[in-house]
Amino acid sequence: MHLLNLGILAHVDAGKTSLTERLLHSAGVIDEIGSVDDGNTRTDTLALERQRGITIKSAVVSFPVDDVTVNLIDTPGHPDFIAEVERVLGVLDGAVLVVSAVEGVQPQTRILMRTLQRLRIPTLLFVNKIDRRGARYDDLLTALSERLRAAVVPMGSVEGIGTRAAGFLPGLGPGAPAVLAEHDDELLTAYVENTVSYDLLRTALAAQTRQALVHPVYFGSAITGAGVDALITGIKELLPAAEGDPQGPLSGTVFKVERGLAGEKVAYARMFSGTLRTRDRIAFGDAGEEGKVTSVSVFDHGTDIGSDSVPAGRIGRLWGLGEIKIGDSIWGSPRASAAERGGVPRKAVGHFFAPPTLETVVVPGPDADRRALHLALTQLAEQDPLIGLRHDEVRQETAVSLYGEVQKEVIQATLADEFGVRVTFRETTPLCIERPIGTGAAAEFIKKDANPFLATVGLRVEPGPVGSGVSFGLEVELGAMPYAFFKAVEDTVRETLGQGLHGWRVTDCAVTMTHSGYWPRQSHAHQGFDKSMSSTGADFRGVTPLVLVEALRRAGSQVYEPMHRFRVEAPADTLGGLLPVLAALRAVPRTTETQGPLCVLEGVVPAAQVHGLERQLPGLTRGEGEWESGFDHYAPVAHGIVPERARTDHNPLNRKEYLLNVTRRVA
């Protein structure tokens with residue numbers, strides 16, 4: 001039996017969930033097609049999804065196509081939930097990108113296609129809603145090729161477009177040989193000699209689709225079913241089957257975590273190699289934590305069914321792994337060899353989209369239980385690791401990181417509906433970062449300079465390459481003291497850099513340990529361990545923030561704000577009113593291009609201004625403007641007061657306050 005893990009992706013409202021329903025119905029999995037408007041679709045299971053008519057969480061269903069079992073993953077279309085899409089991409093064998101025949105190529109369509117192409121995921125295009133008034137064919141094919149910058153091969157023609165009777169007639173279009181010949185020398189020769197056969201074309205089409213060189217395009221309607229049978233045939237014949245050796249070393253990746261009816265964690269994992277069985281002890285995550293799988297299920301005929309194992313290529317639901325997180329890799333043992341860990345393809349790990357660039361503080365309602373709120377937010381963060389939580393014990397506040405305002409509304413509604421906790425939010429603010437400006441060094445020595453800790457630590461901070469994160473190195477002998485003390489220093493360095501001189505996360509820097517020293521374990525004759533004369537890990541964890549912050553103070557740091565690249569497509573005659581608004585919001589156009597009656601502007605804008613621009617654009621462009629934006633880079637804050645972020649640690653910037661908080665005594 002062949003397996004195929006298939007993702008359905010689209011801009012919001014392109015008809016992605018409706019297509020999922022139609023595929024399940026055509027495969028005989030469901031007897032009646034659900035409706036997004038009626039809130040009874042198979043994959044939108046959350047109450048909030050049914051109320052709003054949008055997909056928020058990815059969902060997995062399964063259906064058979066002859067001898068192929070397709071695990072179909074429905075993903076959100078709204079850009080605020082791009083993190084949910086990100087996690088799915090790493091487990092796909094192929095994808096269907098849905099485009100509306102009326103609205104055409106939309107901003108999120110372009111973003112998704114660029115990512116699919118970068119990851120070389122074989123992708124079919126399905127142009128939906130051909131039965132709707134305003135549906136297009138010829139000019140839409142041109143737009144798919146030009147705006148998506150993709151080699152597209154139409155897989156048929158449309159009759160009666162824009163009417164309820166619209167239908168799709170399968171068959172390779174006359175332009176297919178020219179597109180396919182660009183990547184196939186044998187076909188190119190046959191094309192020049194006018195000896196191209198249908199079998200040669202189909203063979204080249206299948207091979208190039210599986211290599212993500214070309215993208216077959218099907219037209220149809222999820223509502224009427226037109227073109228869906230042809231799409232199913234394409235899914236079966238043109239997309240590659242799942243690979244993986246069931247007898248190989250165990251490896252897989254977790255792309256979704258949810259809570260079961262009893263509150264237990266349930267992990268969704270795609271297995272790339274080996275076979276995971278019930279009662280197996282496995283390792284997961286970078287730290288190699290161990291856990292025992294108590295139960296598993298796999299997807300088949302529209303639902304998940306209990307099973308004894310999850311072989312390579314399949315997606316399974318796993319119980320019993322209480323500490324597992326989204327993005328964790330699964331291994332056969334914590335001592336798996338490098339070769340075994342190499343069993344997970346590169347695309348199965350890491351992030352493909354930028355992290356959130358906005359943050360807001362959660363304000364509990366007057367009757368809200370703070371403990372219940374903390375638990376609820378923690379569980380939401382488990383399901384979406386890019387919703388970063390930041391707790392301020394002093395102010396009794398919790399901040400969450402976000403992609404946009406819609407995500408904030410969804411979090412608010414989820415807390416109320418699923419956890420019974422009502423909250424509001426403060427104004428959304430950008431998430432800045434800090435980078436060191438120069439080089440600075442500092443040190444604290446045992447029993448010198450009023451150091452109350454039995455630890456000697458010296459650190460040097462200097463800038464690192466952009467995008468390098470935080471690196472930690474040693475200029476002292478590794479054997480100069482117990483390894484646990486070095487580990488305590490490194491872990492504390494990384495934790496302390498979560499809040500720099502201005503309170504923002506410090507990144508793109510190199511930290512080097514220049515001094516080390518400790519007092520060996522001491523004990524009196526016939527007596528036990530004497531803590532007052534012996535260094536412990538707590539001493540190194542206590543002194544490191546003081547040293548690091550002083551080194552950072554001497555190096556200096558600069559605050560950077562997130563910048564989004566933007567693309568605005570609007571009527572050329574509205575440019576005069578649009579440019580002053582862009583300038584007032586600190587947007588910087590870089591290129592301007594006229595395409596007939598339209599003008600296309602591309603540039604950068606502070607992330608804090610994106611939401612305001614999105615709201616003003618319809619009024620500035622008579623409702624015809626199209627906005628596309630996404631994180632691009634961080635830029636130094638050059639306007640107004642440098643933003644400060646309230647600290648949530650013991651404030652090592654103030655030595656006296658820090659020592660009072662940590663040691664309860666003033667040195």
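**Close-up views of the predicted model**

**View A.** Leaving out residues up to four places away in sequence, Ile-282 touches Leu-250, Leu-276, Glu-289, Glu-290, Gly-291, Val-293, Leu-321, Ile-330, Trp-331 and Gly-332, where contact means heavy atoms within 4.5 Å. The model is predicted, with local features requiring pLDDT of at least 70 and side-chain atom pairs counting only at pLDDT 80 or more, while totals for chains, interfaces and linings use all residues. Residues are numbered from 1 along each chain as its sequence is written, and side-chain values use heavy atoms, with hydrogens and water left out. Ile-282 belongs to strand 13 (residues 281–284); helices (H or I, at least four residues) and strands (E, at least two) are DSSP runs numbered from the N terminus. Ile-282 is buried, its relative accessible area being 1%. The term buried denotes under 20% relative accessible area, exposed over 50%, and partly exposed in between (1.4 Å probe, protein chains only). Between the C-alpha atoms of Ile-282 and Lys-292, ten residues apart along the chain, the separation is 6.3 Å.

**View B.** Helix 1 (residues 16–26) is largely enclosed by the rest of the structure, because nine of its eleven residues are buried. The buried residues of helix 1 are Lys-16, Thr-17, Ser-18, Leu-19, Thr-20, Glu-21, Arg-22, Leu-23 and Leu-24. The elements that cover them include strand 1 (2–10), strand 2 (59–65), strand 3 (68–74), strand 4 (94–100), strand 5 (123–128) and helix 9. After helix 1 comes Gly-28, which has a positive phi, near 80°.

**View C.** In the largest nonpolar core, of 83 residues, Val-96, Leu-144 and Phe-219 touch the most other members. Helix 9 (residues 228–238) supplies the largest share of this core, six residues. A nonpolar core is a set of buried Ala, Val, Leu, Ile, Met, Phe, Trp, Tyr and Cys residues joined through side-chain atoms within 4.5 Å. Beyond residues up to four places away in sequence, Val-96 is in contact with Leu-6, Gly-7, Ile-8, Leu-9, Leu-19, Leu-124, Phe-126, Leu-231 and Ile-235. Another core, of 28 residues, lies apart from the largest one and has Leu-459, Val-461, Met-513 and Val-543 among its members. In soluble globular proteins, nonpolar side chains tend to be buried together.

**View D.** Ser-221 lies in the loop between strand 9 (215–219) and helix 9. With a relative accessibility of 1%, Ser-221 counts as buried. Its side chain reaches the backbone nitrogen of Thr-224 at 3.2 Å. Neighbours within four places in sequence aside, Ser-221 contacts Phe-126, Asn-128, Lys-129, Ile-130, Asp-131, Ala-226 and Val-228.

**View E.** The lining of the largest cavity is formed by Thr-496, Leu-497, Gln-499, Gly-500, Leu-501, Leu-548, Val-549, Leu-552, Arg-647 and Leu-653. A cavity is a set of points, on a 1 Å grid over the protein atoms alone, where a 1.4 Å probe fits but cannot get out; lining residues have an atom within 4 Å of a point. The structure holds one cavity of 30 Å³ or more, and the volume of the largest cavity is about 40 Å³. Grid points are joined across faces, edges and corners, and a volume is the space filled by probe spheres set on the points. Helix 14 (residues 537–555) gives the largest share of the lining, three residues. Six lining residues are nonpolar, three polar and one charged; Ala, Val, Leu, Ile, Met, Phe, Trp, Tyr, Cys and Pro count as nonpolar, Asp, Glu, Lys and Arg as charged, and the others, Gly among them, as polar.

Note on methods: On a 1 Å grid over the protein atoms alone, a cavity is a set of points where a 1.4 Å probe fits but cannot get out, and a pocket is an open set with protein on both sides within 12 Å along at least five of seven lines; lining residues have an atom within 4 Å of a point. A polar contact is a pair of N or O atoms within 3.5 Å; within protein, one must be able to donate a hydrogen and the other to accept it, and residues adjacent in sequence count only if both atoms are side-chain atoms.
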